[in-house]
Amino acid sequence: MSLIAFIKNTKVQILTFLIFLMLLTRGDHLLTSVSLPDASFALFLIGGMLLKKPKWFISLFAFSVVIDLVTLSMNITYQIPINLGYLGLLVSYGIMWFFGSRIANTKSVLKFVAFSVLATLIAFLISTQTYNLLSGAFLDITIKQSIQTGWEYLPQSFIYTMSYLMAYWGIQSLFRRQFVSKKAAAL
């Protein structure tokens, strides 16, 4: 693909921007001194809203795995969960993408928030439980213990994800208003 074709392809630009944000917010991996909270759940929901098609989901998911593999190769002390429990991330990210694709055209902030909250809670539950129960990191853990462990991380993960999503909603709403205002003024 030529540079001109790349610049003209909006979907590729969106994917590139989502990948850039993922790199910035998976700072525990690559940018430890300027670590931003992980935005992966939010980025997959936004990706579902903007890109919709499965090929874009696969591309973004593959890139998230590459980030983890590169990080593991750079820092062997960091324990990246690339194991059977990692399958939960595939499902969780898929849920975020699916919910995003369902609210892609909404103009209702209430619908956006409701779908975002529901998707985030489901994705968190799946990713946490599959990691705790299938990764091998917690030997002999019971489902009850796994749920209790997961609840410890829910508030932080939920707040970060919802903060990113609300920032996205605000920014895209401003752009939409600005675009509509200029279009109306031209008439």
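Hi everyone! The model is predicted, so local features need pLDDT of at least 70 and side-chain atom pairs count only at pLDDT 80 or more, while totals for chains, interfaces and linings use all residues. Residues are numbered from 1 along each chain as its sequence is written, and side-chain values use heavy atoms, with hydrogens and water left out.

Let's start with the overall picture. The protein chain has eight helices and zero strands. Here helices (H or I, at least four residues) and strands (E, at least two) are DSSP runs, numbered from the N terminus. Of the 187 residues, 37% count as buried. Buried means under 20% relative accessible area, exposed means over 50%, and partly exposed is in between, with a 1.4 Å probe and protein chains only.

Now, please find helix α4, residues 40-50. How many of its eleven residues are buried? Ten of them are, so to speak, under cover; among them are Phe41, Leu43, Phe44 and Ile46. After α4 comes Lys52, with a positive phi near 65°.

Which helix meets α4? Look at α2, residues 10-25: the two axes come within 10 Å and cross at roughly 175°. Axes are lines fitted to C-alpha atoms, for helices over the stretch in contact, and angles run from 0 to 180 degrees between N-to-C directions. The two helices are therefore roughly antiparallel, a term for angles over 145 degrees. On the α2 side, the residues that meet α4 include Ile14, Leu18 and Leu21; on the α4 side, Leu43, Gly47 and Leu50 are among the partners. Contact means heavy atoms within 4.5 Å.

Next, the surface. Leu84, Leu87, Leu90, Leu133, Leu134, Ile143, Ile147 and Trp151 form a nonpolar patch with about 760 Å² of accessible area together. Patch residues have over 30% relative accessible area and no salt bridge, and nonpolar side chains are joined within 5 Å. A salt bridge is a side-chain nitrogen of Lys or Arg within 4 Å of a carboxyl oxygen of Asp or Glu. Areas come from the Shrake-Rupley method with a 1.4 Å probe. Helix α8 gives the most to the patch, three residues, while Leu84 lies in the loop between α5 (54-74) and α6.

Last stop: Thr142, in the loop between α7 (109-134) and α8 (143-186). Thr142 is partly exposed, with a relative accessible area of 39%. Its C-alpha atom is separated by 9.3 Å from that of Asn132, ten residues apart along the chain.

Conventions:
Patch = residues over 30% accessible without salt bridge, like charges linked within 9 Å, V, L, I, M, F, W, Y side chains within 5 Å. Parallel < 35°, antiparallel > 145°, perpendicular 65-115°, else oblique.
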